[in-house]
Each structure stands twice: as structure tokens, then as C-alpha cells.
Amino acid sequence: MTVSPEKPARKLSMKQRYSALTHDLDWAPTYVQEEEIFPFTTFEGIKVHDWSKWEDPFRLTVEAYNKYQAEKDRRLYAVLDGFAQSQGQVGLTDARYMNAMKIFLQGIPVHEYNAHRNFSYLARYANGPGARFAALCQSMDELRHAQTEIHTLSHYNKYFDGMHHWHHWTDRVWYLSVPKSFFEDAMTAGPFEWLIAIGFSFEYLLTNLLFVPFMSGASFNGDLPTMTFGFSAQSDESRHMTLGLEAIKFMCEQDEDNVPIVQDWLDKWFWRGYRLIALVAGMMDYMHPKRVMSWKEAFELYFEEQMLNGLFKDLEYYGIKPPRHVQWAIDEKEILSHQVYWVLYQFSHAAAFSTTIPNAEDQAWLEANYPETWPVFKEVAWDKAQRVMDAGGRYFNPGLPQLCTVCQIPMGFTEPGNPLVQCQRQSVYEGERYDFCSDGCQWIFDREPTKYRQAWLPVHQIFQGNCGGPGGLPAVAEWYKLGPNDGAEYLGSNDQKNWLAWHGQTPKEA
Amino acid sequence: MSAPTASRPVGVDLQENEENRALVEAIEADNDDLTIRHMPGIIRLTKNGRLVINQASVEQRLGRPWETHEFQMAIITYFGEFVEWDDDQIVIAWQH
């Protein structure tokens, strides 16, 4: 055998490797129609003339993906091991910090898994190879996120209440229907709407508000594992943001007729996503014992500065305008977290987290960060709650709240410009009345009433006897599988008692 | 008309740790008028117009080979668009 004297071929460039993986492995079908292979990409009305124009700026290949994802996991699991071995839970700022992580565990990992499912559907059913491969990577990322979040928080489950039935709670408990309805709404839309809903509106526009200040907050409160999985997930998130941005630009560039459809979806999903992360506002301002920044500052930095002054100037080129109800969100930034946490406080006897009145240090911080709105909420809500505590009681709302039909958050939001008047909107559809917390949610319902009339609203279901029967709150709590120590007031809770015991204190010294 | 891209900020949030020190130094060296903000665990780098990451500058400070894919290990989030991600350079800017 003669060996050729030729030099080995030069290594391919990044561009060539990416092209070899995507476009070079694609082919035009000859014995079936394209629509038979990809039957789901036409019914939404989006026109695509050339799928090969979809490019992933990351130019990721299988080899690079595997190499760096493996390294990310190695780093994360080393941290988790070290934290567990060194009893890291003792070094948190305070046990009440865990309440924010309880809501996170109960509300997020299942939907990471749902995102994994829907992106694998896209990895099969998108017509173009660039879109399919980016969706495949994101699908694997989302599965990794579900797994790493569960692994990370399983350590805390050994030491804290409110974590043992997180998966069961995701599907049943009232406040967890907020994220559940959001993701199921997106999953039951078509593939292009999904890309605008999750890829663009959630990942690019809003996810920074969920992960960045929250994970920096974890770092500030001694929660090393959460910080590490958060940043590890966020490094994938940068790719997801890129996919979302590529999706909206691709649709707008392919056909002018796509622009109004995309704008409608953007208007809808901005508001859906914004209402979902209202929970984060309450967690950031009230549940973190030490705070990196306020919700208001995070909103200004990560949304107003980056998105409104940066991104939307870019999208103007395509005729895309900022989301329809964006001004409402800007106007709410001073009051959002106060309203959300007050709802959580009143109903935490039926929840798998505990709440408590902001202590003197918290109140000083709230006063400094919300000088105009905090004094109002302090007077109308917290001073009264404190008087009840001083008399040996604890204020819980004994009724069941009305929920917004679209976002499913209890109706605790107020009219623009008047933080003391509850906002209530109503639409009548086929003789039935539906209620909403805001113009944004009402607009979403009116666009698709046949979809939202099917909403599984926890309070309606309780009244109909579908959540443990007609036995009132005890029956509902049993159906939820809530233990006696999972919710209610933080002061005097098992979590607090354990925390004090670990640090050699008794409740009086605290 | 939209504001010119040169006057609008773009930026990137990186994990602030020892691993990324050389990367941050390279970005600082290659981008004038960089604004830096430190938050717990995060270093945030912003700049008007274009933000450039050069492979050669990173390798020089790191003292070992560094492929641009490795930037994924450091990044937490960004704003702007990756207008270029090649073997030798990553560029973040707005397009329009």
C-alpha cells in the first residue's frame, strides 16, 4: 500500500465546521412533499421563503457543545459536593432566605423540562437545519437545567420544610398555576409563536430579570449552589437569547406580512412574561435578607436601558414597536413588589413557603429604595399586620381570592397612578363574565377567548370541589400534600427554630 | 429613524472569578471607554457601539490557547447582538 505524500488537510474554520454540520447535512426531499415532513410550520400564517437564511451566530457544533457542557457540569457538581460536605446551609444569611428558593423549586424545574420537550419538537419539525440544530442544543440545555436545579436544591430538602413535594405542588397549588399556565399556554401555541413566546419574549427580553439579580442575590446570601447552577444555566441562556433574537429577525426578514403577526405575539408574551416574573419582584425585595438591587433598579437596568433603549431601537428597522402594554409595566415598577408580597403574606397559610413582616432592617432598606411608595404600603398593610401580631395573632385572609383569568395571580394589582384602588377589568364572552387584573391581561383574553375560557383556575376548582372535595381549607391542604410546617408565618416556624438551634440561639435572643 | 448604533450601549455580564480575569483584562485592553460595574459574583462590562473580544489578546494574558467557544464558560448574559463569532474574534453590536 502506498501512502500519499499529501499533507493532512488544514483544520476547518469555525464557519466551515458549522456549515458542514448544518447546511451540508441537509437535503431537499424528492419522493415526499416538504409539507409532509414539516406539517406544523404553515398554519400560523408565517411565510418563510428561504430557511437556509437561519444562522446560529454561535456556530456551535456537536463537539464544541459536548465539550463545554460537560465542563460546566463538572464545575457545578464540584461546588455542590463541597457545599454539602462543608454543611454550607449553616452559612446562609438566614433561614427565611430559603422561602425564595422554595418558590423557585416549586415553580421552575418542571417547566424547564417542558421547555426541553417543546424544543425537541422544534428540533424535529423546523424546516431549516440551522433552526433545528439550535433547538436541539436548547432542548438538551433545558433538560440539564431541570436536572441541575433539582440536584442543587435536593441538598436543602434535607434541612428545610417546603421542598418535599415540589413536583406535586407544581401541578396543584394555587400560586404555582401562574408559571404552569404560562408555559402550557406557550406549549399549546404553534412553533413560531412558541419561539416568540419563550425564545424571544421570555429568554431575550425578560429572563435577565429572573436570573441575574436573583442569582447575584444568592451569592450575596451565602447560597453558593444556587449561584453556581444559576450562572451555569445563564451561560446556556446566552445562546437561548441568541436563538430568540435570530427567530424574530428571521421572521421579519422573510416576509413583511409576518411583521403584524409577530408584533401581536410580542405584545401578548411580553405581558404574560412580565406578570409571571412579578413573583420575582416580591422575592427580590422582600424575601432576600440581603439585597443586591431592588426590583425597580433591576427593571431599569435590565429592561428599560437594555431593551427599550437598545433592542427596540434595532427592531424599529423591521417595523416592530415596543410591547403594547409596556408603559403600564414601567408605571408599576415602584409598587409591584409591595403588592405581590402582600398577597403572598395574606395567603401563606395555604402555601409551601412562609412569610413574615419586614423587620426593622428590611423596612429601612424598603424606605431607602422606595421612598414614595413604601410609606403608603407600610401604613395601609404592614402597620395593621404588626398590630395583629402584637395582640398575639397573625393576619391571614380567611377567604379565597378572585384570580385574573389570564395570569392567574390574585386580583391585587391597582389602577395606574392610584396604588389604593384595585384594578378590575371584565369581558363577557358567550354570556359568561371573565375578570382581569389589568388592561394587558384583558387584551390577551379578548384576542383568544376560546383559549382562555378553558383556564384551570385554582380558586374556581376549589369551589367546584375538585381539589380534595368540599371540606374547605383542610381538605385542600391534604389534596395539595402540604405538611403542617410548610407554610404560614416564618417566626416560630420549624425552619426558624432549627436555624436558631444550629447557631446556638433561642428565639428570645434572636 | 432609530438612534445610530454607535451611540447605543451594548454589554456583557461575566462571572467574576479567577478563571475569567485574563478575559476581562483582554476586553479592557481592546475596548476604549468601557464601563465596569461589579455586583456579587458578576462583572458587567458595557460600552457604546461595539464590544470586541480578541482571541489573541486573551491568549496572551492567559498564557495558553483559548478558543472563542470558551467564551461560553464565562458569559452570564449580554445585550446587543453577536454580529461576529469567529475563530479569532467575537463582536457584540446593534445592527440597525
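What follows is a set of questions and answers on a predicted model.

Q: Why are α5(A) and α8(A) called roughly parallel to each other?
A: The axes of helix α5 (residues 109-125) of chain A and helix α8 (residues 177-187) of chain A cross at roughly 0°. Angles under 35 degrees count as roughly parallel, and α5(A) and α8(A) are therefore roughly parallel to each other.

Q: Which residues make the contact of α5(A) with α8(A)?
A: From α5(A) come A:His111, A:Asn114 and A:Asn118, and from α8(A) come A:Pro179, A:Phe183 and A:Met187. Their C-beta atoms, placed from the backbone, are judged by a cut-off of 7 Å. The axes of α5(A) and α8(A) come within 10 Å. By class, the residues of this contact are three nonpolar, three polar and no charged.

Q: What makes α10(A) and α11(A) roughly antiparallel to each other?
A: Helix α10 (residues 224-254) of chain A and helix α11 (residues 258-276) of chain A have axes that cross at roughly 150°. Angles over 145 degrees count as roughly antiparallel, so the term applies to α10(A) and α11(A). Their axes come within 8 Å.

Q: Which residues of α10(A) and α11(A) meet?
A: A:Ile248, A:Met251, A:Cys252 and A:Gln254 in α10(A) meet A:Asn258, A:Val259 and A:Val262 in α11(A). The residues of this contact divide into five nonpolar, two polar and no charged.

Q: What makes β4 and β6 of chain B edge strands?
A: The open sheet has the order β4-β7-β6 in chain B, with antiparallel pairing. β4 (50-54) and β6 of chain B each pair on one side only, and are the edge strands. Neighbouring strands of the sheet are turned by 15° against each other on average, direction ignored.

Q: How do you know that β6(B) and β7(B) pair?
A: Pairing requires at least two bridges between the strands. β6(B) and strand β7 (residues 89-93) of chain B have four bridges, in the antiparallel sense. B:Phe82 stands opposite B:Ile92 in β7(B). Helix α2 (residues 55-62) of chain B packs on the sheet, where it touches β4 and β7 of chain B. The direction of α2(B) makes about 50° with that of β4(B).

Q: Which strand supplies the largest share of the side of chain B that touches chain A?
A: β5(B) supplies the largest share, with five residues. In total, 27 residues of chain B are in contact with 32 residues of chain A. On the chain B side there are 13 nonpolar, nine polar and five charged residues.

Technical notes:
Residues are numbered from 1 along each chain as its sequence is written. Chains are lettered from A and ligands numbered from 1 in the order in which they are written. This is a predicted model: local features need pLDDT of at least 70, side-chain atom pairs count only at pLDDT 80 or more; totals for chains, interfaces and linings use all residues. Two residues are in contact if their C-beta atoms, placed from the backbone, lie within 7 Å. Helices (H or I, at least four residues) and strands (E, at least two) are DSSP runs, numbered from the N terminus. Ala, Val, Leu, Ile, Met, Phe, Trp, Tyr, Cys and Pro count as nonpolar, Asp, Glu, Lys and Arg as charged, and the others, Gly among them, as polar. Axes are lines fitted to C-alpha atoms, for helices over the stretch in contact, and angles run from 0 to 180 degrees between N-to-C directions. Angles under 35 degrees count as roughly parallel, over 145 as roughly antiparallel, 65 to 115 as roughly perpendicular and the rest as oblique.
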